[in-house]
Amino acid sequence: MFPLHAIAVKLLARLSHILNAFPRSRDGFLRASSVLVQVLYNNLKKLLAASSKASPLQSQTHCASFIPTSACPPQAVIQPAPLVDGNNTVSASSNNPVGNGQQAEGDHVASPSGTQAKPTSQFPPSVDPKTPSTSTLNVPARLSTPLPSLHSGSGNVTGRVLRPGAPEEIMERRYKQRIKVERNHAEVLLNPGDMNYDDTDIPGWVQYTQPEGSSYFANLTRRIITDADICRPNLLNKINEVANSLLLSAERMSAVHDKVELVIGLIDHGAGNRECLYYFVDHQRQLLFWVHAYPLSNIFANVKGVNKKSHMKYAIETQYWTHLELYPNGRTLKAEHHTELKGILIHASTETLTSNTSIAPFDSDELSRMLDLMDKTEGSIGQEQVHAVYVVARLMRLFTSSKFVNFYGQPGARLNADQSVYTKLRGQDQATSLLIRISDLILFRGPSAHVSELQRMWVDRSVNAPRWKGFISKLSNEWAGFTIYSTVMLAVDVSFLAIPALDPTKPNGKESLAASIATYMSIILVVGSLVVSVQLSNRIRGQENASAKEAAAIMLRSTQSMLGTDALAIMYSLPFALLIWGMLFFVVALAFVVFGSQDNITLGTITPGVIIVGFLTAWPSWGNRGNYITLHKLWTNGVKSVTLFNRPREPMV
């Protein structure tokens, strides 16, 4: 390493030389700055190269050589673990000071009996207190040979970069990057007696068809699975080349046994960005592992605050069940998996029946149908029934993901669907925003009601599917009702304009004009309520059938504005508020017509009725706020304080 003062002197000398070489102008200054940046970049590049030569082992603790270091966020990352020598002892390294036959924390060590060790999801203790707070998981310290990039001289596979990945990425690719079929007509002549409809056999590989219809290849001897179309020999050679290097690295960490599978997938991001991802699956522990550093935050599904190993394990288990869902062929349905899922469904059914805030990801009807599926698949236990394995894997993935999102098994676990694990609910412990308070005065407390519903449904940027369905159904029914009310009110307003009392030529012309203006305002407001109701109903049409992931994406798009959920609450309350304002203006128009009359008998008869009906109309709105309780207390206290007769006090004994 070069001393810092020497580097500073050299950079200052370069700076003065560059500035003197260019003219004293704005263009010259920009050109000088550009050259200076290039000089700084070259010097830093030399320093990094020198430091990497000084400590080659340390440079291998970053992300895989196929991924830039900047792609690894300072979060939970799998880092190298100690290697195991032939004597079943753990060798010490810069990342693991434990040695001399002592076992470090975690399971990446040789077992005393000489059997193969299993991959681990345990964290080693921190060595240097000055190092950044980056959680690390154990993987092998270094590879036997560098893993190559996938290159091909022909076809569409060029310049692929190898990196560790997750099953959810392969699932996303499977649904989105489908191979297009050419629409052409080919005449096929079948030979007499030919009944062979198998495709070309690939030695050592078996082609499977997943229950949904997608095909994949598996090498049962080497336990390798891939979605790639290895019928092309060039691609098959590259898959084998990468698999050999990965399996050799896994063998050096003593993590390969007869229950470990290697999955290799090809991902095309477009614009020449092509990747080859991989992961290992350990079916004994139902976990995944990699031979490169892997940022676990990639599979946290935007869940924040994941710090404990027991919590991270559910994210890995979710990926394990995703793997079984992707590749269910050739597997037997285990009795323990079937029993565990059936118990989960029974508990979730009981919770949804007895609680309004259940965190179960399905409603009671859906859970009942799932329990029926468990009864029907019970006969497939212990058999290679691909559809039964697929059903169990898919349901287990959904429930395991729900456990991870709800911090299952953690001190701050979410026990109610409207409970936040990060902050307190606004409706319970935080004051309503000033915007909502002002809007309540104009929109008849509709925004505060919708804010409370949104806060209970949109919790920690996540959505509970049953609550989302109930919320959307409630809004749809509510706006459909407002549409009917607005239509009726519009007909009433138009009919009211045709009455003779609104004739401006009559003696009470001013009252008639005011009544007509109020009626026009009522018509405008009612039409506004009708239009907003139709627009909002069209906006949420079909969203009640959206999955939890789709619902969360919808809510995220809708609340990305500066106002967040407040904007949605105000918008959702507009149909009700505009309709009420339309009714009030109609009442005003009616009042101008009635009280503009010169008939005292009519006024004397109508006035008491208007007062009584007005009080009864305001009672529900006033009483819902609890204000009538305050009035009742004031009334009773006032009555008690009034003394009609002064009675003499009795003498005290």
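View 1. Arg 394 is partly exposed, with a relative accessible area of 32%; here buried means under 20% relative accessible area, exposed over 50%, and partly exposed in between (1.4 Å probe, protein chains only). Glu 212 sits in the loop between strand E4 (206–209) and strand E5 (215–219) and Arg 394 in helix H9 (residues 386–405), so the bridge ties together parts 182 residues apart in sequence. Helices (H or I, at least four residues) and strands (E, at least two) are DSSP runs, numbered from the N terminus.

This is a predicted model: local features need pLDDT of at least 70, side-chain atom pairs count only at pLDDT 80 or more, and totals for chains, interfaces and linings use all residues. Residues are numbered from 1 along each chain as its sequence is written, and side-chain values use heavy atoms, leaving out hydrogens and water.

**View 2. The network around Glu 212 and Arg 394.** Salt bridges link Glu 212, Glu 325, Arg 394 and Arg 397 in a network.

**View 3. Glu 366 meets Lys 469.** This salt bridge has an N to O distance of 2.5 Å. Glu 366 is buried at 17% relative accessibility, while Lys 469 is partly exposed at 23%.

**View 4. Asp 227 and Arg 174.** These side chains meet in a salt bridge (3.1 Å, N to O). Asp 227 lies in the loop between strand E6 (224–226) and helix H5 (233–252), and Arg 174 in helix H4 (residues 167–176), 53 residues apart. Both are buried.

Key
A salt bridge is a side-chain nitrogen of Lys or Arg within 4 Å of a carboxyl oxygen of Asp or Glu.
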